[in-house]
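User: I am new to this structure. Please walk me through its pockets.

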Amino acid sequence: MVAASLAVGAALGCLIAGSLSDRYGRRKGLLLSAAVFGLSSLAMAFAPNRDFFIGARCMAGIGVGMASMLSPMYIAEVSPAPLRGRMVAINQLTVVTGILITNLVNYGLRNNGAEARRWMFGLGSIPSALFFIGALWLPESPRWLVKAGDVPGAAQVLGKIGGVGFAAESLASIQKSLAPAAAGG
């Protein structure tokens, strides 16, 4: 159950991430996923018993699941088309690199006493804090801004990404892609 609880939480995180990010924005969804993962890392480190630990691990899965869904979505919505694939690939590379570093750190901690497991889980708060801090500087997704009715805000973000021409072209493309959704619902 300890191992499965992370996967259960990740599935829940994926299920709720879409509706949360549609309602509150991609950036806020990313911030929430980082906060959930960071707090759950500390909760696992200080868990007083097995059941609390399993609950905290499930909560960690929720943060992981949300980030796993929202990060590529955000990247796809913000990156210019010629760079999109490269940016998503870099995201995947950072995830795999993080897993490698985690395994190496855990390997180094393995023989440091009965409480080493607490360090293994608690150290997860460091990358989540870095993720949270990094997400504070992210602009909101232009696509979400247009969907929320903030076309000037979307134009401003797109202008910072690629200039005035890019902003106008991308804004028209976003509005066109959202038009069938607006007409249908």
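Analyst: A pocket is found on a 1 Å grid over the protein atoms alone: it is an open set of points where a 1.4 Å probe fits, with protein on both sides within 12 Å along at least five of seven lines. Lining residues have an atom within 4 Å of a point. Points are joined across faces, edges and corners, and a volume is the space filled by probe spheres set on them. This is a predicted model: local features need pLDDT of at least 70, side-chain atom pairs count only at pLDDT 80 or more, and totals for chains, interfaces and linings use all residues. Residues are numbered from 1 along each chain as its sequence is written, and side-chain values use heavy atoms, without hydrogens and water.

User: What is the volume of the second largest pocket?

Analyst: The second largest pocket is lined by 15 residues. Closest to its centre are E77, R84, S170, S173 and I174. Its volume is about 260 Å³.

User: Which helix gives the largest share of that lining?

Analyst: Helices are DSSP runs (H or I, at least four residues), numbered from the N terminus. At least two lining residues come from each of α3, α4 and α8 (151–184). The largest share, seven residues, belongs to α8.

User: What is the volume of the largest pocket?

Analyst: Its lining draws at least two residues from each of α2 (26–45), α3 (50–78), α4 (81–109), α5 (116–122) and α6 (125–136). The largest share, 12 residues, is from α4. The volume of this largest pocket is about 1,600 Å³.

User: Which residues lie closest to the centre of the largest pocket?

Analyst: The lining of this pocket counts 41 residues. Those closest to the centre are F37, V95, G98, I99 and P127.
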